[in-house]
Amino acid sequence: MTVGIRVLAVEDDERIRASVKLALEDEGWMVDEAASGEEAITLFGTHPADVVLIDIMLPGIDGFELCRTIRKSSNVPIVMVTARADTHDVVAGLEAGADDYLTKPFAPKELAARIRALLRRVRPSQPGHPKLIFGNLEIIPDEGKVLLDNHEVELTKTEFRLLCELANDPGGVFSRELLLDKVWGYGYFGDGRLVDVHIRRLRMKVEVDPANPAHVVTVRGLGYRLQS
Amino acid sequence: MTDIFTETSTPRYRLTRARRLIRTLVRRITPKRIGLRNRILLIFVAGALILSIVLASITYSFTRANLVEQRINTETNQALTNARRAQNDLILSPEEIALALDQAGNTHKLIFMQGQWSASSPQFLQDMIPDVLLERVQNQGRAALMIVDTPKGEAMIVGIPLPRVDALYFEFDNMREVRAALQSLQLALLIATVITTMVGVSLGLFASRRAVRPLANAAQAARAIADGRLETRLEPTDDPDMQALTSAFNDMVNTLQQRVERDARFTSDVSHELRSPLMTLAASVQVMESRRDELPERSQAALDLLSSDVLRFQGLVEDLLEISRFDAGAIRLVLEPLSLYEFMKQAVSVSSIPRTEIVCDDVDALVAIRGDKRRLARVIANLIDNARIHSGGKPKVVIQRAHNDEPPTHVWIIVEDDGDGLIEGEFDHIFERFSRGGAAGRRAGTEGAGLGLALAREHVALHRGRIWATNRTDGIRGARFIVELPIEIPTTTDESSA
């Protein structure tokens, strides 16, 4: 399933880049290297990758900016590399469009696991339900399409998988832990902010009024729920 | 009449004595033990007291002098009139002394005529007349006035010779009105003195509080700085007396902050710089490990050493970074409500001894806490690692309610081992950075850098908890680490969005 994956690694430290490339190639994947944001944008334009790995600390245009630039044209999963987990960097990176993050130094095995989780396919929808309809929101899992008021909405792969997980049990409450496990493959120690920021991003796209969500609603103290 | 007011010097004398007394008193109780505030207060109160006493005394003596003088004038005039009338009466009818006495109004009178005393009332008899006065009136033939002391207070006697009938006329005035007026004045002045002193007390309280406020502020700021809030400064002031203190204090804190930050930044920079090569090392070692089987035996052994030390190095750098964050005050906890038992299960499962037994005999101890789960898990993992390294035996985790905790506000997480236990006197020492304790030799140089317990203590403190170590008291040899954490009291407002 993950054979033939193309990873774009954006990292200004040449030695780290080389070692990560070696390790990921052991997984049987192809690794493109970029030493700067500018280089990454050019490379991504000619050789679209399946996953992008971005170090937040880049010379020139920084990781956040690169994230936003890539997001404008692509819904490719992005993993960012931060220095610390408890800073604002994590939330800022997720807001900029990253799907997951790792803190340096990380084990390449961990990176591979994260990438595999992000590239997991959407679980097949219930047979006989090619379309899931929540009021003015329509989800077509097999085509990877979401319509709001009959207009197609552009979701990233992770946002789409998050929405589909919620849609699999309409009205059911999903705790953050459950969503972390199902969408990101994290255990107990996963970072709940991943869910929170992605829910926020999702609301910006599938809600008419994101400040007063009608579909993706918060169940105080418990988690989130998708409703019509 | 000039010798009347000799006793007015008494209040002045009293005043100097009071002043001297206060000065001695102040000197006796001022030694260092009296604080600045009380000293200021004392000065205000003493000042107000002295000032009001002085003013009252001056007011009293002037008023008294005025009143007495007035009374003397009136009485003298009246006595002269009465005497003249009595003389006329006596000229007309020398036998009718009683009539002459009676005619002259309601004051007490005495007439000495032809060697005989006649009194208008028994309250004024001849033996009340001082010899000096009698002498002056009788022998010198001059009218005179004298203030005398009677049991009821001061009184005035006027003596007038009546030359035409060869008699002496004396009139007695008890000065009741003057005394009454002076009494009211005394009362009024006393009240005024009390009020002034009380005003002095309140002014003194106010002034002392104001005067001490900059010091209190400085003390508070110093405490805040000692607690690690290095950005604390004293507010600049226009008070020229305080400016020196304020600016010196702030300069000191600036210097201190710079030094602390420089130290913290150095540790942080070093650790950050170490991370990139570590990253390369870790990734490269992993690549080699996946080809371990292709390596000759000696290379395999070397690789194993390399990879285990890369891990250890990684742990050390992480710990150093975390410590430098503590020093910089840059830790931001990611807090969330955690079910204690579930959290402990998970924390133990990712520690180096995932099968560590968790015991909880008290259902009440199964509470929710609020914490940064990854950091708290590090605390548990560090304690388990510590137990493993030092005891080699199986550590055990016990969850129970804090002792003497009523109502329940805290919970205890206890990590026990069955090793050699701790050396008496090292219970605190082991939480210091890079402390290797008495058992350092047994560590065989494979694990940890001595930061684990120091970090645990910092983490627990950030969670407003405590951590301490003892030896086991249940008869088994071994160490016991107790983490005390506050119980999460459920609130209706949950700041997280889920």
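Because the model is predicted, local features are reported at pLDDT of at least 70 and side-chain atom pairs count only at pLDDT 80 or more, whereas totals for chains, interfaces and linings use all residues. Residues are numbered from 1 along each chain as its sequence is written, and chains are lettered from A, with ligands numbered from 1, in the order in which they are written.

The secondary structure of chain A comprises eight helices and 12 strands, where helices (H or I, at least four residues) and strands (E, at least two) are DSSP runs numbered from the N terminus. Of the 228 residues in chain A, 41% are buried; a residue is termed buried if 20 or more other C-beta atoms lie within 10 Å of its own, exposed if 12 or fewer do, and partly exposed in between, with C-beta atoms placed from the backbone. Among the contacts in chain A with a separation of 6 or more, 54% involve residues 24 or more positions apart, a contact being defined by C-beta atoms, placed from the backbone, that lie within 7 Å.

Five strands of chain A form an open sheet with parallel pairing, in the order β2-β1-β3-β4-β5, and two strands are said to pair if DSSP finds at least two bridges between them. Its edge strands, each of which pairs on one side only, are β2 (30-34) and β5 of chain A, and the twist from one strand to the next averages 20 degrees. Strand β1 (residues 6-10) of chain A is joined to β2(A) by five bridges, with A:Leu8 standing opposite A:Asp32 in β2(A). Helix α5 (residues 108-119) of chain A packs on this sheet, where α5 touches β1, β3 (51-55), β4 and β5 of chain A and its direction makes about 175 degrees with that of β5(A); such angles run from 0 to 180 degrees between N-to-C directions, and the axes are lines fitted to C-alpha atoms, for helices over the stretch in contact.

Strand β4 (residues 78-82) of chain A runs parallel to strand β5 (residues 100-103) of chain A and is joined to it by four bridges, and A:Val79 stands opposite A:Asp100 in β5(A). The chain passes from β4(A) through α4(A) to β5(A) in a right-handed β-α-β crossover, the term right-handed denoting here that, with the strands pointing away from the viewer, the path from the first strand over the helix to the second runs clockwise. In the loop between β5 and α5 of chain A lies A:Pro105, and the peptide bond from A:Lys104 to A:Pro105 is cis, with omega near -5 degrees.

Helix α4 (residues 88-95) of chain A also packs against helix α8 (residues 192-206) of chain A, at an angle of about 35 degrees and with their axes 9 Å apart. Contributing to this contact are A:Val90, A:Val91, A:Leu94 and A:Glu95 of α4(A), together with A:Arg193, A:Leu194 and A:Val197 of α8(A). By class, these residues are five nonpolar, no polar and two charged; Ala, Val, Leu, Ile, Met, Phe, Trp, Tyr, Cys and Pro count as nonpolar, Asp, Glu, Lys and Arg as charged, and the others, Gly among them, as polar.

A three-stranded open sheet in chain A has the order β10-β12-β11 with antiparallel pairing, and its edge strands are β10 (173-174) and β11 (216-219) of chain A. Four bridges link β11(A) with strand β12 (residues 223-226) of chain A, and A:Arg225 in β12(A) is the bridge partner of A:Val217.

Between the chains, 25 residues of chain B are in contact with 27 residues of chain A. On the chain B side, α6 (240-289) and α9 (373-391) each supply at least two residues, and α6(B) gives the most, with 11 residues. This side of chain B has 10 nonpolar, nine polar and six charged residues.

Individual residues complete the description. B:Pro214, in helix α5 (residues 176-226) of chain B, counts as partly exposed because 18 C-beta neighbours lie inside 10 Å, and B:Pro214 touches B:Met242 and B:Leu245, not counting residues up to four places away in sequence. A:Asp149, found in the loop between β8 (145-148) and β9 (151-152) of chain A, has a positive phi near 50 degrees and is exposed, with 10 other C-beta atoms within 10 Å.

Technical notes
Contact = placed C-beta atoms within 7 Å.
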